[in-house]
Amino acid sequence: MTTTAPAQLATLTEAQQAFERGDHTAATLSTLAREQTTLLATLPPRYGEVLLNLLDRLESSALFSEESCSFSQKDLVANLQMWVEKARGVVGQE
């Protein structure tokens, strides 16, 4: 496993892109994201809380065959992308 925060952010970004292409399931993306412990430890605590919340909701959305008003996968993926961009800004400041 890669141990630097920038490398783990790159791994998470790749996993998110694979999910968007349909190469990963929500569960696979969630597992990979949760394994990036160095990244999560580097970021302010709120980032971890937000990421875990997004991942939980994304996994729940996978239970629905269609978009649901409370579990829009498109919105969750967009929010995850925004999280990645903000995390990149924080990690890049180190």
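Q: In this predicted model, which residues is Leu 12 in contact with, leaving aside its neighbours within four places in sequence?
A: Leu 12 is in contact with Leu 29, Ala 33, Leu 39, Trp 83 and Val 84.

Q: Which residues have the most contacts inside the largest nonpolar core?
A: That core has 22 residues, and Leu 12 is on the list together with Leu 9, Leu 29, Leu 39, Leu 43, Leu 58 and Trp 83. Helices H1 (5-21), H2 (26-34), H4 and H5 each supply at least two of the core's residues. The largest share, seven residues, comes from H5.

Q: How many aromatic pairs are there?
A: The count comes to one aromatic pair.

Q: What makes Tyr 47 and Trp 83 a pair, and why is it called edge-to-face?
A: Start with the distance: ring centres must lie within 6.5 Å, and these are 6.1 Å apart. Now the angle: planes over 60 degrees apart count as edge-to-face. The planes here are at 65°, so the pair is edge-to-face.

Q: What does this pair tie together?
A: Tyr 47 lies in helix H4 (residues 45-61) and Trp 83 in helix H5 (residues 73-92), so the pair ties together parts 36 residues apart in sequence. Both Tyr 47 and Trp 83 are buried.

Q: How do you know that the buried residues of H4 are on the same side?
A: The buried residues of H4 are Tyr 47, Gly 48, Leu 51, Leu 54, Leu 55, Leu 58 and Ser 61. They cover an arc of only 155° around the axis, which puts them on the same side of H4. On the other side, Pro 45 and Arg 46 are exposed.

Note on methods. Residues are numbered from 1 along each chain as its sequence is written. This is a predicted model: local features need pLDDT of at least 70, side-chain atom pairs count only at pLDDT 80 or more; totals for chains, interfaces and linings use all residues. Side-chain values use heavy atoms; hydrogens and water are left out. Rings of Phe, Tyr and Trp (its six-membered ring) pair if their centres lie within 6.5 Å; planes under 30 degrees apart count as stacked, over 60 as edge-to-face and the rest as tilted. Helices (H or I, at least four residues) and strands (E, at least two) are DSSP runs, numbered from the N terminus. Buried means under 20% relative accessible area, exposed over 50%, partly exposed in between (1.4 Å probe, protein chains only). A nonpolar core is a set of buried Ala, Val, Leu, Ile, Met, Phe, Trp, Tyr and Cys residues joined through side-chain atoms within 4.5 Å. Contact means heavy atoms within 4.5 Å. The arc is that of the directions from the helix axis to the C-beta atoms.
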